[in-house]
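Visitor: Hi, could you walk me through this one?
Guide: Happy to, here it is.
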Amino acid sequence: DAEITQSPRHKITETGRQVTLACHQTWNHNNMFWYRQDLGHGLRLIHYSYGVHDTNKGEVSDGYSVSRSNTEDLPLTLESAASSQTSVYFCASSGSRGETQYFGPGTRLLVL
Amino acid sequence: AQTVTQSQPEMSVQEAETVTLSCTYDTSESDYYLFWYKQPPSRQMILVIRQEAYKQQNATENRFSVNFQKAAKSFSLKISDSQLGDAAMYFCAYRSPFYGGTSGSRLTFGEGTQLTVNP
């Protein structure tokens, strides 16, 4: 069965370190998205991609970057981790027509 | 920009009873999609139900149904015969229409409603 996976599931890092969160989908979806979830804010869009080599900023993109070198993967990089980036991160994907988004299991990140 | 509002941070229901979760949204678009996602303690985001704005008929999925009022920009979720497994955070989400080309639209989420089911 097609799926979307994220790794690691839990991560503890220190302020100032670079961190990369992986997202891999086997749906063959063109569209991929990264969200963060914080109490009182629901899910907020960080970055998204509509295809290989395409990336776009979402509403909370400062301090984050993504790159899309193939259809299956959209890694999210925190260039210099900050305590404000402690959150749960979700990756999602959807087909080209933007139908239902399917979500990964999430990554819980703690920045000390 | 579109906004989604869930005015009930918490709701509770007795097992086997019916509960309705509220969602309102603001948009200038005439065609769009609305979703309800469920997030249990495992944190997995699970699609519950989806509604296309151009469809007048309310979507239903087993015990889950929606009351879609386009003019009022309201999209409530009704859960009938509530079960203990329905306890979760529920998120309402909005998506703009597909315009062709590379438009794979983003979701805008409400802040969520925490549903407790009492035995």
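Guide: Let's start with a torsion: about the S-S bond of C23(B) and C92(B) it is about -70 degrees, so this disulfide (a pair of cysteine sulfur atoms within 2.5 Å) is left-handed. C23(B) sits in the loop between β3 (19-21) and β4 (24-26) of chain B and C92(B) in strand β10 (residues 88-95), so the pair ties together parts 69 residues apart in sequence.
Visitor: Before we go on, what kind of model is this, and how is it numbered?
Guide: This is a predicted model, where local features need pLDDT of at least 70 and side-chain atom pairs count only at pLDDT 80 or more, while totals for chains, interfaces and linings use all residues; side-chain values use heavy atoms, with hydrogens and water left out. Residues are numbered from 1 along each chain as its sequence is written, and chains are lettered from A and ligands numbered from 1 in the order in which they are written. Strands (E, at least two residues) are DSSP runs numbered from the N terminus.
Visitor: Are C23(B) and C92(B) buried or exposed?
Guide: Both are buried, meaning under 20% relative accessible area with a 1.4 Å probe, protein chains only.
Visitor: And what about β10(B) as a whole, why is it called largely enclosed?
Guide: Eight of its eight residues are buried, so β10(B) is largely enclosed by the rest of the structure.
Visitor: How does β10(B) pair with β5 of chain B?
Guide: β5 (residues 33-39) and β10(B) pair in the antiparallel sense over seven bridges; pairing takes at least two DSSP bridges between the strands. L34(B) stands opposite Y94(B).
Visitor: Switching topic, how many disulfides are there over all chains?
Guide: Two. C23(A) and C91(A) form a disulfide with their sulfur atoms 1.8 Å apart.

Notes. Helices (H or I, at least four residues) and strands (E, at least two) are DSSP runs, numbered from the N terminus. Buried means under 20% relative accessible area, exposed over 50%, partly exposed in between (1.4 Å probe, protein chains only).
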